[in-house]
Amino acid sequence: MASKIDRQAMPEQPAAERIHNFSEVALGYDEKTAMLEAQRCLHCGKPRCMMGCPVHVNIPGFIHALVEGNLAKSIDTIKETSSLPAICGRVCPQENQCEKFCILGIKGEPVAIGRLERFVADWDLKRKKTEEVIKPAADAQKVAVIGSGPAGLAAAGALAKKGYRVTIFEALHKAGGVLSYGIPEFRLPKDEVVQVEIQKLLDMGIELCLDTVVGKLYTIDELLKEEGFSAVFIGTGAGLPHFMEIPGEHLNGVYSANEFLTRCNLMKAYAFPHYETPLEIGKRVAVVGGGNVAMDAARTARRLGAEKVYIVYRRSEKELPARREEVGHAKEEGIIFATLNNPVEILGDEHGSVRAIRCVQMALGEPDESGRRRPEPVPNSEHDLEVDSVIISIGQGPNPLVQSTTPDMQVNKRGNIIADEKTGMTTKEGVFAGGDVVTGAATVILAMGAGLKAADAIDEYLQQN
């Protein structure tokens, strides 16, 4: 029966409509569609799909409960290991993780595991069930979690379930990290999904301290020696943007993707003038880079009124690191892919504002250390793209504040914290780290997986000390 059912399409806003709003693009399955898709699962004896899940969700278990119509059991099964299912169902790259290993994908389309997770999680959000408050023992040890992004939230939830008194310290005025400031509203609604999922964690008894910059207000040593914390988890992410170091990056109208998306998402520039966060980009925008963040920036610029938005990427479309789904959505929305182009200068006008970006045409040579063919400049191929603003999206690294105020905690040459891959233990006693601050910019689900591993390791460490 399963093999005779086609993979169910995700309903979406039409491109012509969605470029004029910030409402969610993917509309989610209804119950009938979800049931049809769930029936495609073969319930393998050895479920390969679970091999690809960084938080080890019991995928066959939650799908089987869904097929039986027991949605409460289905969401409970997911929540055994995942603390943010409505978020993961939307932004996880399932095609490279769980769905990549699905048996059905060998000769056809894999089960739409992410879409089913979203359906079950959204059902859970709508029923507004209050999470059971976990009251730690009066003498329970305190654990500090620095950063309220995916790694920190996952670690905090797991530690609370283990009976620890957990406090999350967040530098910004809203919790969520990259979930709140990075991923656009049209991919991940903030009030309806992100903040609701976070509140469910806080309802368990976790304390949240906003506007609290660790490294300024407290150091790691002060948390351990003066504030009574027995262990610390650092999940501060990778929010420091990289630039190309080419002439013209100082001009008005040049943004890092991090700043651009933070202004739009966290500070709600998309709702100007209801929110007083102006964001001037003009009618022609170049986004430099080819990852998911670049797609987010380009699609956001389109919604802010840009008529021409270019993705400027030095390799070919085949090498784009962004998800295929994001590339497809960007194309539908009229984003222009200027691939095999490498910027060498940003040109300004007499007022110090961007007027164009100068590029060199590239050709692909032999593979480099990443396995991708190395881009090489074509002689005498310089040309200008007339644009009003440029958004640089070529990656980001960790903010050095926590590391610089913790001198006995080792970092690598990129500033990432050195931590054990299996436990998250750093070179400083009682301090653990995970997510992008350790690995560099990666995915939400990998950061969550790191948070869960570290929570187990912190528990073991505290039991032995």
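**Paired strands, packed helices and residue exposure**

Me: What makes strand β7 (residues 284-288) and strand β8 (residues 308-313) a pair?

Reply: Five bridges join β7 to β8, and the two strands run parallel. Two strands pair if DSSP finds at least two bridges between them, so β7 and β8 qualify with their five. Val287 stands opposite Ile311 in β8, and Ala286 stands opposite Tyr310 in that strand. The model is a predicted one, in which local features need pLDDT of at least 70 and side-chain atom pairs count only at pLDDT 80 or more, while totals for chains, interfaces and linings use all residues. Residues are numbered from 1 along each chain as its sequence is written, and side-chain values use heavy atoms, with hydrogens and water left out. Helices (H or I, at least four residues) and strands (E, at least two) are DSSP runs, numbered from the N terminus.

Me: How do you know that β7 also pairs with β14?

Reply: Four bridges join these parallel strands. One of the residues involved is Ala286, whose bridge partner in β14 is Val390. β7 is mostly covered, with four of its five residues buried; buried means under 20% relative accessible area, exposed over 50%, and partly exposed in between (1.4 Å probe, protein chains only).

Me: Why are β6 and β9 called edge strands?

Reply: The open sheet of five strands has the order β6-β14-β7-β8-β9, with parallel pairing. β6 and β9 (336-339) each pair on one side only. From one strand to the next, the twist averages 20°. Helix α11 (residues 257-265) packs on this sheet, touching β6 and β14 (389-392), and its direction makes about 85° with that of β6. Helix α12 (residues 292-303) packs there too, touching β7, β8, β9 and β14, at about 165° to the direction of β8.

Me: Why is α4 called roughly perpendicular to α6?

Reply: Helix α4 (residues 71-79) and helix α6 (residues 113-127) pack at an angle of about 110°, with their axes 9 Å apart. Axes are lines fitted to C-alpha atoms, for helices over the stretch in contact, and angles run from 0 to 180 degrees between N-to-C directions. Under 35 degrees counts as roughly parallel, over 145 as roughly antiparallel, 65 to 115 as roughly perpendicular and the rest as oblique; α4 is therefore roughly perpendicular to α6. Contact (heavy atoms within 4.5 Å) is made by Leu71, Ala72, Ser74, Ile75, Ile78 and Lys79 of α4 and by Glu117, Phe119, Val120, Ala121, Trp123, Asp124 and Arg127 of α6.

Me: Which residues of helix α2 (residues 31-38) are buried?

Reply: The buried residues are Thr33, Ala34, Met35, Glu37 and Ala38. Their cover includes α3 (59-67), α4 and α6.

Me: How do you know whether Arg323 is buried or exposed?

Reply: Its relative accessible area is 9%, so Arg323 counts as buried. Arg323 is placed in the loop between β8 and α13 (324-332). Leaving aside neighbours within four places in sequence, its contacts are Arg90, Val91, Cys92, Pro93, Gln94, Glu95 and Asn292.

Me: What makes the phi of His43 and that of Glu245 worth noting?

Reply: Most residues other than glycine have a negative phi. His43, although not a glycine, has a positive phi of about 50°, and Glu245, also not a glycine, has one of about 60°. His43 lies in the loop between α2 and α3, and Glu245 in the loop between β5 (240-241) and β6 (254-256). At 34% relative accessibility, His43 is partly exposed, whereas Glu245, at 75%, is exposed.
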